[in-house]
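Hi everyone, thanks for coming. Today I'd like to walk you through one protein model, a few residues at a time.

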Amino acid sequence: MVGSTPASPTAEAEAPAAAAAVAPAAPVTPAAPAAVVARRRVSPALDAWRRFRRHRLALASAGILALIILTVVLGPLLWQVPINDIDFAATLSPPSWQHPFGTDDLGQDLFARVLYGGRISLAVGLAAMLVAVIVGTIIGALAGISRGLLDSALMWLTDLFLSLPQLPLLLLIIYLFRDSLKAVAGPEFGIFVLLVAVIGGFRWMPVARLVRAQFFSLREKEFVEAARALGASTWRQVVHHMLPNALGPVIVAGTIEVAAAIIAESTLSFLGLGFPPDIPTWGRLLYDAKDHLDVAPHWALFPGGAIFLTVLTINFCGDGLRDALDPRKVL
């Protein structure tokens, strides 16, 4: 074209250099974005552990509870004293090196019996908690996802169980079915199944109410509405979207149910309607010690202290889990 001036090679070379000089220099750190992404990708379990660690009392309680569980599980393997070994020469002996927790009225080693009874008490508590959580979660989820008649019927059933006097019904059911289950499944396993079914069957109502309230809140959230709009079935909405987000309060409620189940089993054993006398649970040891409190207080002190310490640490762990699984808490 007439009047046009071809650009010189020098000008073409200087133009990018000038643009580079005007533009701010970007740091060349290829590893920085990867580090930022790695820092942001924190799993929910790790995040909950960080929150739980900040609760000093709950962390210490978790350590004590783990020590109790390890002691009752591995203790009988190390302290190999028979729980039914009778020694009339050591009747009602106070704690000593030979008998760290003393002996009972038959000279039986209380340390071995407390270790053995801890296995049964903790097993009853955990199994009853699982029954209560599973039944309560199913009923609460059905009531929370449904509307109308099914929700009203399930909540009426929940209110009915809440209004029943639990301890008299527990005593009545165990008194009626104890002998038949002993004949079918044996004295130890039959009573275990009966206690787990009865205690768990009367502890699911708070879990059901909690899950129902969580589902009422979650089913109106944006991610559930998005899944519903994309054609997700009700089953998929419940299993993949709503139930995982409702498990935090359920886990906290489960820890409380373990403590309540241990106390219920100890109460039934203390009243003489738990395991047979030759199976030493913590509650049964308290029942056997009630007539010798003036001459052998150690007989009741150690199993009672085991119940107290276990229930206390479980409750403190539940408080820590409640804070750790609360999404409103900020680190």
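Let's start with His298, which is buried, at a relative accessible area of 8%. Buried here means under 20% relative accessible area, exposed means over 50%, and partly exposed is in between, using a 1.4 Å probe and protein chains only. His298 is found in helix H13. Helices (H or I, at least four residues) and strands (E, at least two) are DSSP runs, numbered from the N terminus.

Before we go on, a word about where this comes from: the model is predicted, local features need pLDDT of at least 70, side-chain atom pairs count only at pLDDT 80 or more, and totals for chains, interfaces and linings use all residues. Residues are numbered from 1 along each chain as its sequence is written, and side-chain values use heavy atoms, with hydrogens and water left out.

So which residues is His298 in contact with, leaving aside neighbours within four places in sequence? They are Leu92, Ser93, Pro94, Pro95, Phe101, Gly102, Thr103, Leu110 and Pro303. Contact means heavy atoms within 4.5 Å.

Let's follow three of those partners. Leu92 sits in the loop between H4 and H5. With a relative accessible area of 24%, Leu92 is partly exposed. Its phi is near 55°, a positive value in a residue other than glycine.

Next comes Leu110, which has its place in helix H5 and counts as buried at 3% relative accessibility. Not counting residues up to four places away in sequence, Leu110 touches Phe101, Gly102, Thr103, Asp104, Leu285, His298 and Trp299. Leu110 and Pro95 are 15 residues apart in sequence, and their C-alpha atoms are 9.2 Å apart in space.

Is Pro303 buried or exposed? Pro303 is buried, with a relative accessible area of 1%. Setting aside residues up to four places away in sequence, Pro303 touches Val114, Trp282, Leu285, Leu286 and His298. Arg113 is 190 residues from Pro303 along the chain, yet their C-alpha atoms are separated by 9.2 Å.

Pro303 brings us to a pair of helices. The axes of helix H12 (residues 282–289) and H13 come within 8 Å and cross at roughly 145°. Axes are lines fitted to C-alpha atoms, for helices over the stretch in contact, and angles run from 0 to 180 degrees between N-to-C directions. On the H12 side, the contact is made by Trp282, Gly283, Leu285, Leu286, Asp288 and Ala289, and on the H13 side by Trp299, Ala300, Pro303, Gly304, Ala306, Ile307 and Thr310. These residues divide into 9 nonpolar, 3 polar and 1 charged. For the record, Ala, Val, Leu, Ile, Met, Phe, Trp, Tyr, Cys and Pro count as nonpolar, Asp, Glu, Lys and Arg as charged, and the others, Gly among them, as polar.

Now for a second pair. Helix H5 (residues 110–145) and helix H6 (residues 149–163) have axes that come within 8 Å and cross at roughly 145°. Ile139, Leu142 and Ala143 in H5 meet Leu150, Asp151, Leu154, Met155 and Thr158 in H6. That contact divides into 6 nonpolar residues, 1 polar and 1 charged.

Let's turn to the cores. A nonpolar core is a set of buried Ala, Val, Leu, Ile, Met, Phe, Trp, Tyr and Cys residues joined through side-chain atoms within 4.5 Å. The largest one has 35 residues, and Val211, Phe215, Ile262, Trp282, Trp299 and Ile314 touch the most other members. Helix H4 (56–78), H5, helix H9 (205–218), helix H11 (234–270), H12 and H13 each supply at least two residues of this core. Apart from it lies another core, of 17 residues, among them Val124, Leu194, Leu195 and Val198.

Val124 lies in helix H5 and counts as buried at 0% relative accessibility. Beyond its neighbours within four places in sequence, Val124 is in contact with Phe192, Val196, Ile199, Ala261, Glu265 and Phe275.

Finally, the whole chain. How many helices and strands does the chain have? There are 13 helices and 0 strands. Buried residues make up 37% of the 331 residues. Among contacts between residues at least 6 apart in sequence, 70% join residues at least 24 apart.
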